[in-house]
Amino acid sequence: QVELVESGGGLVQAGGSLRLSCATSGRTFNNYVMGWFRQAPGKERDFVAAISRSGSITNSADSVKGRFTISRDNAGNTVYLQMNSLKPEDTAVYYCTAQTQTTSYSAYYTEASLYDSWGQGTQVTVSS
């Protein structure tokens with residue numbers, strides 16, 4: 001497991017943008033599959049986006065496709081979630097997550113149970 005620290009959340013009006021960042025202390029960041037999940041009050045934690053070790057493969061939930069983009073900077077040990085055209089239904093706590101044990105260069109995961117490290121979360125609130 002590694003420590004993950006999210007930043008960049010906040011309050012934004014509908015149609016606006018935010019960029020979330022997640023920094024890790026892990027020394028082998030380029031070996032980690034990274035992902036973002038979100039959890040709205042009273043709801044399950046849902047998959048948002050994931051990115052493979054090299055960053056060449058990404059996947060995102062249908063609800064955010066075309067609006068959110070996941071990327072990573074392996075030299076800077078950071079993963080990002082660029083969120084555009086935000087909607088009130090995007091309001092949630094956003095969690096950064098890592099799978100540190102994968103050996104596959106092409107893997108990404110959409111199931112929360114497959115990740116072994118989680119950040120504390122950052123609140124994103126979209127007002128209408």
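**Figure 1. The surface and overall build of the protein chain.** The accessible surface of the protein chain comes to about 6400 Å², and 44% of that area belongs to carbon and sulfur atoms. Keep in mind as you explore that this is a predicted model. Counting its secondary structure gives 11 strands and zero helices, so the chain is as compact as a globular protein of its length: its radius of gyration is 14 Å, close to the 14 Å that the globule rule gives for 128 residues. Along its principal axes, the C-alpha trace spans about 45 × 25 × 25 Å.

Figure 2. How much of the chain is buried? Of the 128 residues, 46% are buried. Now look at which parts of the chain meet: among contacts with a separation of 6 or more, 61% are between residues 24 or more positions apart. As for charge, there are 10 positive and 10 negative side chains. The centres of these two sets lie 5 Å apart.

**Figure 3. Strand E5 and its partner E4.** Start with strand E5, which covers residues 45-51 and is mostly covered, with five of its seven residues buried. How do E4 and E5 pair, parallel or antiparallel? Strand E4, residues 33-39, pairs with E5 in the antiparallel sense over six bridges. To find one of these pairings, locate Phe37, whose bridge partner in E5 is Phe47. Between E4 and E5 there are five residues, and the two strands form a hairpin. In that turn sits Gly42, with a positive phi of about 75 degrees.

**Figure 4. From strand E5 on to E6.** Look for Ile51, which stands opposite Thr58 in E6. E5 and E6 form a hairpin too, with six residues between them.

Figure 5. Thr122 lies in strand E11, which covers residues 122-127. Is Thr122 buried or exposed? Its relative accessible area is 11%, and buried means under 20%, so Thr122 is buried. Leaving aside neighbours within four places in sequence, Thr122 is in contact with Glu6, Gly8, Gly9, Leu20, Ala92, Val93 and Tyr94.

Conventions: Residues numbered from 1 in each chain as written. Predicted model: local features only at pLDDT ≥ 70, side-chain atom pairs only at ≥ 80, totals over all residues. Heavy atoms only, no water. Helix = DSSP H or I, 4+ residues; strand = E, 2+ residues; numbered from the N terminus. Rg over C-alpha atoms; globule rule 2.2 N^0.38 Å. Buried < 20%, exposed > 50% of the residue type's maximum accessible area, 1.4 Å probe, protein only. Contact = heavy atoms within 4.5 Å. Areas by Shrake-Rupley, 256 points an atom, 1.4 Å probe, with all protein chains shown as cover. Lys, Arg positive; Asp, Glu negative; His and termini not counted. Charge placed at Lys NZ, Arg CZ, Asp CG, Glu CD. Pairing = 2+ DSSP bridges.
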